[in-house]
Amino acid sequence: LVPFFGWFLVARGGHDDTFRIIAFVLFAVAAITDRIDGDIARKRGLVTDFGKLMDPIADKAMVVIALVVMTGYSGMNPWLILPATLILFREDGATAREAGR
């Protein structure tokens with residue numbers, strides 16, 4: 001859902017409320033299905049190396065897209081840039097730690 005979420009978030013310059021709502025729904029659906037998928041995979045012993053790699057990448061891509069787009073649409077509001085930057089650095093650090101495992 002990551003590319004669809006990103007597209008709906010920026011479509012029509014990000015000013016179409018319908019597209020914003022669709023992007024929100026996609027984000028929510030991705031979060032819910034990610035949780036359900038993970039629970040099922042662990043319960044049934046279907047955890048794979050591919051899943052271990054791709055799941056965190058998809059999660060981080062959703063967060064990064066949302067933060068970057070919201071910061072851009074805010075007119076680069078400094079009150080939004082600082083938290084967004086901190087979150088992005090934290091995500092990058094978490095990814096580096098996960099890759100080192």
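Two residues are in contact when heavy atoms of each lie within 4.5 Å. Helices are DSSP runs of H or I with at least four residues, numbered from the N terminus. By these terms, the buried residues of α1 pack against α2 and α3. Those buried residues are Val2, Phe5, Gly6, Phe8 and Leu9, where buried means under 20% relative accessible area, exposed over 50% and partly exposed in between, with a 1.4 Å probe and protein chains only. Arg12 follows α1 and has a positive phi, near 55°.

The model is predicted, so local features need pLDDT of at least 70 and side-chain atom pairs count only at pLDDT 80 or more, while totals for chains, interfaces and linings use all residues. Residues are numbered from 1 along each chain as its sequence is written, and side-chain values use heavy atoms, with hydrogens and water left out.

## Nonpolar core

A nonpolar core is a set of buried Ala, Val, Leu, Ile, Met, Phe, Trp, Tyr and Cys residues joined through side-chain atoms within 4.5 Å. The largest one has 12 residues, including Phe5, Phe19, Leu26 and Met62. At least two of its residues come from each of α1 (2-10), α2 (17-44) and α3 (49-73).

Leu9 also belongs to this core. Leaving aside residues up to four places away in sequence, Leu9 touches Gly14, Ala23, Ile65, Ala66, Val69 and Tyr73.

## Salt bridges

The structure holds four salt bridges, each a side-chain nitrogen of Lys or Arg within 4 Å of a carboxyl oxygen of Asp or Glu. One joins Asp16 and Arg12, at 2.6 Å from N to O. Asp16 is buried at 17% relative accessibility, whereas Arg12 is exposed at 58%.

In another, the closest N and O atoms of Arg35 and Asp39 are 3.3 Å apart. These two residues are about one helical turn apart because they lie four residues apart in helix α2. Arg35 is exposed, with a relative accessible area of 56%, and Asp39 is partly exposed at 34%. A network of salt bridges links Arg35, Asp39 and Arg42.

Lys52 pairs with Asp49 at 3.8 Å between the closest N and O atoms. Here the spacing is three residues in helix α3, again about one helical turn. Lys52 is exposed at 52% relative accessibility, and Asp49 is exposed at 64%.
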